Amino acid sequence: MSRRETYEQKTEALLAPLMKEHQFELVDVEYVKEGGSWYLRAYIDKPGGITIDDCELISRSLSDLLDEQDFIEDAYILEVSSPGLGRQLKKDRDFERSIGELVDIHTFRPIEQQKEFTGVLKKFDKNTVTIEAENNKTMLFQRADIALIRLAFDF
């Protein structure tokens, strides 16, 4: 397991009791380097949406726990936020929650001369994702071919 994965898993474990206590959902944790700085990001949600006060509450509690545990060797910036409107689908629970929703799919390589697709998420399994695109066209994608899948937002 990589250092990044270890940090993310340990952070998820610290967040689990906080999520349960406040009846929030932990959407994702990521440890990434951007522009020369490391970021530890936690994305949280709840029915009706997360507020800035919710983010502050979890950020303060998590910061204290991280200071106590002190398992991250690098200097980093802690961010706690909502996953946003166009949230990326990564885990099975993200896909389960999004069945029937409009999604955008970006593939690594062109499929039928295109790399971007939009449709209603119909089903998924560990290897595939199925959407219903325009004109009721059913499209099956191998998960290994998908660079990004996220909720679409239509304004």
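In what order do the strands of the open sheet of 5 strands lie? The order is E7-E6-E5-E4-E8, and the pairing is antiparallel. Two strands count as paired if DSSP finds at least two bridges between them. Strands (E, at least two residues) and helices (H or I, at least four residues) are DSSP runs, numbered from the N terminus.

Before we go on, note that this is a predicted model, where local features need pLDDT of at least 70, side-chain atom pairs count only at pLDDT 80 or more, and totals for chains, interfaces and linings use all residues. Residues are numbered from 1 along each chain as its sequence is written, and side-chain values use heavy atoms, with hydrogens and water left out.

## The overall plan

The protein has 3 helices and 8 strands. Read from the N terminus, the elements run α-β-β-α-β-α-β-β-β-β-β. The C-alpha trace spans about 55 × 35 × 30 Å along its principal axes. Of the 155 residues, 36% are buried; buried means under 20% relative accessible area, exposed means over 50%, and partly exposed lies in between (1.4 Å probe, protein chains only).

Phe124 stands opposite Val129 in E6.

Another open sheet has 3 strands in the order E1-E2-E3, with mixed pairing. Here the edge strands are E1 and E3, and the twist averages 15° from one strand to the next. H1 packs on this sheet and touches E1 and E2, with its direction at about 150° to that of E1. H2 lies across E2 and E3 and runs at about 145° to E3. Contact here means heavy atoms within 4.5 Å.

E2 is mostly covered, as 7 of its 9 residues are buried.

| Residue | Partner |
|---|---|
| Glu34 | Ser37 in E2 |
| Tyr43 | Ser81 in E3 |

## Aromatic rings

A pair of aromatic rings is described by the distance of the centres and the angle of the planes. Rings of Phe, Tyr and Trp (its six-membered ring) pair if their centres lie within 6.5 Å; planes under 30 degrees apart count as stacked, over 60 as edge-to-face and the rest as tilted. A search of the whole structure finds 5 aromatic pairs. The rings of Tyr7 and Tyr31 have centres 5.1 Å apart and planes at 85°, so this pair is edge-to-face. Tyr7 lies in helix H1 (residues 3-22) and Tyr31 in strand E1 (residues 25-34), 24 residues apart, so the pair links distant parts of the chain.

Are these two tyrosines buried or exposed? Tyr7 is buried at 3% relative accessibility, and Tyr31 is buried at 1%. Tyr31 also pairs with Trp38: the centres are 4.6 Å apart and the planes at 5°, so the pair is stacked. Tyr7, Tyr31, Trp38 and Phe71 form one aromatic cluster.

Arg3 lies over the face of Trp38, at 5.5 Å from the ring centre, and the charged end of Arg143 sits over the ring of Phe95, 4.4 Å from its centre. A charge sits over a ring if NZ of Lys or CZ of Arg is within 6 Å of the ring centre and within 35 degrees of the ring normal.

## Nonpolar cores

A nonpolar core is a set of buried Ala, Val, Leu, Ile, Met, Phe, Trp, Tyr and Cys residues joined through side-chain atoms within 4.5 Å. The largest has 20 residues, and Leu15, Met19, Ile44, Ile58, Leu66 and Ile72 touch the most other members. H1 gives the largest share, 5 residues. A second, separate core of 15 residues includes Leu89, Phe95, Leu121 and Leu151.

How values were computed. Axes are lines fitted to C-alpha atoms, for helices over the stretch in contact, and angles run from 0 to 180 degrees between N-to-C directions.
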